[in-house]
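Trainee: I would like to learn how to read a fold from its overall numbers down to one strand. Please take me through an example.

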Amino acid sequence: MKKQTIIVTGASSGIGLETARYFLDRGDNVIINSQTASKLEEVYHELGAGDHLAMVAGNVSDKTTGETLVQTALERFGSVDVLINNAGIYENKPFLEVTEDYLDRFLTTNLKGTFFTTQAVIPQMIRQKDGVVINVGTPLVSHAIAESPSTAPISSKGAIHALTLQLAAEFGKDNIRVNTIAPGLIRTPMHGADLDNNAGIHLINRIGEPEEVAQMIHAIAKNKLISGAIINVDGGMGAGHHLS
């Protein structure tokens with residue numbers, strides 16, 4: 001399997017960090033991104049700071065961040081083969097308490113970040129006649145939970161699911177594949193210490209690990225027949241639920 005160049009946004013912790021590690025461990029070149037430069041620097045050294053790793057700090061909702069990621073990939077490694085749009089935020093807030101500013105936070109980080117970073121990489125993938133974009137969504141887009149009021153982030157993630165299908169259709173002729181993975185409850189810093197109390201939301205009755213999501217992202221990146229897919233990595237959460 002040929003060495004590829006992978007861009008991972010939101011790579012300073014959780015799924016992004018483990019995904020970067022997973023690709024690095026299997027011989028690929030990786031560019032990691034996070035908004036906080038100091039935290040990104042720590043992760044850069046945690047991952048070995050080797051010849052196959054580069055970093056770009058910046059907010060993905062700023063179009064120049066995506067442009068810098070592409071420039072860095074080309075200068076360091078000569079291609080942009082896989083973009084993993086992992087950067088995102090999630091919170092619960094009742095619908096009637098959502099303000100315009102609050103909604104904009106999620107639309108900006110989640111949707112605009114995914115949209116504009118993808119917009120930055122697609123021209124290079126067209127030139128290469130090859131490329132993969134993997135977005136991060138959620139099974140909650142199609143499996144709502146009354147006790148988890150999250151209309152603001154879910155609206156942004158639903159838009160990402162729709163964007164995935166449209167991009168797969170628009171750029172399939174250029175041999176560019178676009179997919180979304182939808183993780184369930186994963187053990188990341190985004191969640192609190194009592195996360196395991198919610199294991200029953202998964203049919204397999206346990207919380208997922210970041211490495212399990214990274215495995216699926218890697219598999220999608222390497223399988224050339226998968227495009228336009230929304231793939232749940234959620235322990236059966238999207239399929240159904242327990243009665244209690």
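**From globule to strand**

Mentor: This is a predicted model. Start with burial: 50% of the 244 residues of the protein count as buried.

Trainee: What does the radius of gyration say about the protein?

Mentor: Compare it with the globule rule. A compact globule with 244 residues would have a radius of gyration near 18 Å; the protein has 17 Å, so the two agree. For the outline, the C-alpha trace spans about 50 × 35 × 35 Å along its principal axes.

Trainee: Which elements build the protein, and in what order do they run?

Mentor: Count, then read along the chain. There are 6 helices and 7 strands. From the N terminus, the order is β-α-β-α-β-α-β-α-β-α-β-α-β.

Trainee: How many of the contacts join residues at least 24 apart?

Mentor: Take contacts between residues at least 6 apart in sequence. Of these, 70% join residues at least 24 apart.

Trainee: Which residues point which way from E2?

Mentor: Sort them by direction. Asn29, Ile31 and Asn33 point one way, while Val30, Ile32 and Ser34 point the other. Both sets are buried.

Trainee: In which sense do E1 and E2 pair?

Mentor: Strand E1, residues 5-8, pairs with E2 in the parallel sense, over 4 bridges.

Note on methods: Residues are numbered from 1 along each chain as its sequence is written. This is a predicted model: local features need pLDDT of at least 70, side-chain atom pairs count only at pLDDT 80 or more; totals for chains, interfaces and linings use all residues. Side-chain values use heavy atoms; hydrogens and water are left out. Helices (H or I, at least four residues) and strands (E, at least two) are DSSP runs, numbered from the N terminus. The radius of gyration is taken over C-alpha atoms; the globule rule is 2.2 Å times the number of residues to the power 0.38. Buried means under 20% relative accessible area, exposed over 50%, partly exposed in between (1.4 Å probe, protein chains only). Contact means heavy atoms within 4.5 Å. Two strands pair if DSSP finds at least two bridges between them.
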